[in-house]
Amino acid sequence: MSPQLTLQTPLELAPSEVPTYLEQLWSTEQQGNTGAGANTFCLLIWQPAWAEQQLVRCGRLNGPITGQQSDALLQAGRQAVIDTDLPLSTPPSAGELIASVAQLEGETQADDLRGQYIDPALSELQPRRLITLAPTINAQQGLETLVAAYCPLPEEGGGTTACGDVVVLRGGHDALRDGMSILQPLLPPSMPSWVWWNGFLDEAPDLMEQLACAPRRLIIDTAVGNPAHCLNLLRSRVESGQAVNDLNWLRLRSWRETLAMVFDPPNRRDALCHITQLDIDVEGHHPAQGLLMAAWIADRLGWQLQTSDVTEEGVTARFSRHDGADIRFQLMTVPTGQPSVHAGQMVGLRLICQPEQGQGVCVILCGESGGCMRLEGGGMASLELHEEIVSVQHASPEMDVARLLSGGHDSTNPLLATSASLAARLLN
């Protein structure tokens, strides 16, 4: 289903006039024109859409700029990877691609509709207020503040419509920083507020600090940005007590469930006490997701980290089990011809269990798009082999965010909380 536009053409106002305008919009006299205001939640979105802006500017993608992860955007990004001689394993919205496209000529202009397109997955939740911060590639652009009412389509509301509004702050970095002061009056204390940082985690740290302050609940993606910075940010926010959700962790759900199912049979559970080796393969050179998976396994089985080392090929580490035996861990970065949209997605996992007596067990999990040949090598013939294909969900970021919002949690997932610290230690 196509994203929905706002109910009315957004009205451009001075920042100081926005709170008063919104109060009047939802006053008793005006409700007959716009419907009843939803009593749900507020969502603040940092939405730079750098790749989309640059591809539109140089004429490789047709406007308008929406901030949505469309098929046309991904296709244009993958073609630009080829045309700018980047490695084929470069994701279609990677920082390297954005930097390369920024060097191309072109001054194509297009309408910027970020914040005015509402994804159906989000609109079904009937948000009370959507506030979008839309930084522009022109760092000197002044601040524009746009306001509009918004109502979900009737067929999506089940016959009852609870309307909301959208606020868009658009401009260069300095202009957005100066406009941040209007945010707090726009967030009713009676409603939970979420912040979705839909960009690189190592960009605009000053704006993130202002935007994503507690008690606002934070949604990030540790696949976007420098891996060490991503995991350290996740760890620090968790340790501070802020409610944090990681889309990269959410994508690991099918891997965790499949691995748990392999060891569900009672006759196989004892093998968990005799693991000697863990190998994980990830796409490209972003190890965050693989490290979160390894940290989850280590935490669930009570392993203790002894040493770790980071190289160009990946990450190696040594854990110790309850009985004092060592476990060898290796995360390998592997090239892919057409990588996932999200950097560093897992493509394979291998667990080797070798008891002192009896036959050993080798468990191999593979992603749908990748083979297991590398993990099947290395003298596995003497072990009992269990091989599973992991069904990976290809959901849009908006759908993943909607899944998190529909849960309404006001705390960090406890499994993520314990895994975040160990994953950061593995990389540091």
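In helix H5 (residues 95-102), the buried residues are Leu97, Ile98 and Val101. Because they cover an arc of only 100° around the axis, these residues lie on the same side of H5. The model described here is predicted.

Two packed helices are described by the angle between their axes and the distance between the axes. The table gives these values for two pairs.

| Pair | Angle between axes | Distance between axes |
|---|---|---|
| H3 and H5 | roughly 25° | within 9 Å |
| H3 and H4 | about 75° | 10 Å |

**H3 with H5.** The axes of this pair cross at roughly 25°. Angles under 35 degrees count as roughly parallel, and H3 and H5 are therefore roughly parallel to each other. The crossing of H3 past H5 is left-handed. On the H3 side, the contact is made by Trp50, Ala51, Gln54, Leu55 and Arg57, and on the H5 side by Ile98, Val101 and Ala102. By type, the residues of this contact are six nonpolar, one polar and one charged.

**H3 with H4.** How are H3 and H4 oriented to each other, roughly parallel or roughly perpendicular? They pack at an angle of about 75°, which makes H3 roughly perpendicular to H4. From H3, the residues Ala51, Glu52 and Leu55 meet Leu73, Ala76, Gly77 and Ala80 of H4. The residues of the contact of H3 with H4 comprise five nonpolar, one polar and one charged.

Note on methods
Residues are numbered from 1 along each chain as its sequence is written. This is a predicted model: local features need pLDDT of at least 70, side-chain atom pairs count only at pLDDT 80 or more; totals for chains, interfaces and linings use all residues. Side-chain values use heavy atoms; hydrogens and water are left out. Buried means under 20% relative accessible area, exposed over 50%, partly exposed in between (1.4 Å probe, protein chains only). Helices (H or I, at least four residues) and strands (E, at least two) are DSSP runs, numbered from the N terminus. The arc is that of the directions from the helix axis to the C-beta atoms. Axes are lines fitted to C-alpha atoms, for helices over the stretch in contact, and angles run from 0 to 180 degrees between N-to-C directions. Angles under 35 degrees count as roughly parallel, over 145 as roughly antiparallel, 65 to 115 as roughly perpendicular and the rest as oblique. A crossing is left-handed if the near helix is turned anticlockwise from the far one by less than a right angle, and right-handed if clockwise. Contact means heavy atoms within 4.5 Å. Ala, Val, Leu, Ile, Met, Phe, Trp, Tyr, Cys and Pro count as nonpolar, Asp, Glu, Lys and Arg as charged, and the others, Gly among them, as polar.
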